[in-house]
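Subject: Structure handover

Hello,

Here is the structure you are taking over. Please open it first and keep it beside the notes below.

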Amino acid sequence: MIQSNRRTLIKALAAAGLGAPLAATLNGCSTPFRNARPHVVVIGGGFGGATAAKYLRRFSRNQIDVTLIEPKQTYMTCPGSNWYLAGLTDVPSLTHDYEALKTQHGVKVIHDTVSRVDGDAQSVSLQNGETLHYDRLVMSPGIDFVYDAVPGYSEAASEVLPHAYQAGPQTELLYQQIREMRQGGTFLMIAPPNPFRCPPGPYERVSMIAAYFKEHNPTAKIIVLDPKSKFSKQALFMEGWQELYGSMIEWYGKNDGAIVEELDVANKTVSCELDTFKADVINVIPPQKAAKIAFDTGLTDATGWCPVNQETFESTQKRGIFVIGDASIAGQMPKSGHSASSHGKMCAAAIVSQLNNWAMPRPKNANTCYSLVGAHYGISIAGVYEMQDGIIKEIAGGVSQMGASQQVRKMEAEYARGWYKSITADVWKS
Amino acid sequence: MKTVMMPLSALFVGALSLMPLAAHADVISNAELSATTCFMCHGPEGKYSGGAIPPLAGYPANIMVQQLKDMKSGKRPSTVMQRHLKAYSDEEIEALASYFATLKP
Ligand SMILES: Cc1cc2nc3c(=O)[nH]c(=O)nc-3n(C[C@H](O)[C@H](O)[C@H](O)COP(=O)(O)OP(=O)(O)OC[C@H]3O[C@@H](n4cnc5c(N)ncnc54)[C@H](O)[C@@H]3O)c2cc1C
């Protein structure tokens, strides 16, 4: 009875073009919906964005129209890219397309770049000139680099001394340079300051390069210059380095005077208080900030990242726009693909709940970052998170045990590969 | 802004216009949303995705509850699971297990 009355009313109103815009008032939300079927636009088809797009469809039981905008036809993951440097995997295995999102999940995918967001008009402009209206906007644009924070480095210099911290041509360049390095040469990494994507990433990388050198260039040397005084899973990495590579990897931190004062790109020379190093291959991982579109849209604060309501991921600076993944400030969660994908799910649930006028579920949220120290030597860090006083706080977690057996390390290496298969299937496939 | 001007009856119907969305959907439970965070390692919808990590879809709930509680206490050895499970109460473990039992393997 009531149902059919409602339906009649809705039909009548829809015919009069009156229905939907008012919903917002009852949601206590300032952003009205213009369509009876809400339209959510997602910017960025990486870990965060692709997950949000899929789960907006899933949690709304396909009642929300979702458009994903991503310039690349295929996406190569950073996770696994260090394994590739060691020769443990190949590029096709690390590359994913958007077919399943389109055909299995009903996401509309546009391969283009968003050039402008108009938060007041609730529209995004694409480089091809098209303009799309949205009811809610989700942004997971990832990072940009502060190149000149390393004196002497620049975007142009990254074509010679790669950062390889966005997967693709940069990864290939580093892959080649490692293989072309002279016997007994020196590989030097300039590590980034906090916060940056994938806290264990640089250290997994030198582990994987050591694995390659051990076989193909056993007298090579690896030097890490780090502006930090400690790093993620440090004791575990160092234990593994010792066990697998002896003294091949030398790590110097802030307290050793390892903050780089000058990088001479042409001569491949790096100076810091500690010493001046001449290297054959240099990998510079510069400090990071939210990607450009987040700045252009006015979503960043003085830190260079985007403050959000950490329960829903709605920007605290622009209503109706949600920022997830590396670009967001997500409490105590590290910047990782796993975290970005978790944000995508939480944010999708929040948007669907808002549109339905449901209470937001209050789940626990998790992150697991595996690192390979060797082909059969894995370590992990895990965290479980919960909202407390408006901040995502870690309530349990920790790292693998020190001094664990070879068997345990081997199992974790297998789980690292299993994690990769599962998360990429969850984000881009079924 | 606009909405201030709307008569009450219009506001009422405005809420109803969300019904097509709500009518087809069930509320997202804590267990469902939490379970989706397990998918990252254990496969989408708990389904096998080719790796060494066990899939969870259709796992008998009582067995899963026992195994998870034993991993939480350390009675059953694990690598990363004990570190995760310390965050979950028995009730939450039971809700998660019940949810996974409903998924098709
Ligand atoms: C070497 C390395 C190893 C790593 N290993 C791991 C790991 O083992 N586990 C883990 O969890 N994480 C790992 N990470 C971290 C992980 O890659 C990132 O945290 C993750 O990619 C963040 O996801 P995101 O969605 O925020 O951004 P991204 O994945 O970078 O996606 C952003 C997307 O947005 C698109 N975009 C940007 N601007 C626009 C625009 N204006 N219009 C349209 N599209 C736009 C880009 O093309 C890009 O595809 C690693 C990172 C590195 C560098």
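The notes below cover the ligand site and then the cysteines.

This is a predicted model, in which local features need pLDDT of at least 70, side-chain atom pairs count only at pLDDT 80 or more, and totals for chains, interfaces and linings use all residues. Residues are numbered from 1 along each chain as its sequence is written, chains are lettered from A and ligands numbered from 1 in the order in which they are written, and side-chain values use heavy atoms, without hydrogens and water.

A polar side-chain atom of A:Ser140 is 2.7 Å from an oxygen atom of the ligand. For A:Arg197, a side-chain N or O atom lies 2.7 Å from a ligand oxygen atom.

On the cysteines: the structure holds 0 disulfides over all chains, a disulfide being a pair of cysteine sulfur atoms within 2.5 Å. A:Cys306 is in no disulfide, and the nearest cysteine sulfur, that of A:Cys347, is 13 Å away. A:Cys306 counts as buried because its relative accessibility is 0%; buried means under 20% relative accessible area, exposed over 50% and partly exposed in between, with a 1.4 Å probe and protein chains only. A:Cys272, at 6%, is also buried.

Regards

Notes: A polar contact is a pair of N or O atoms within 3.5 Å; within protein, one must be able to donate a hydrogen and the other to accept it, and residues adjacent in sequence count only if both atoms are side-chain atoms.
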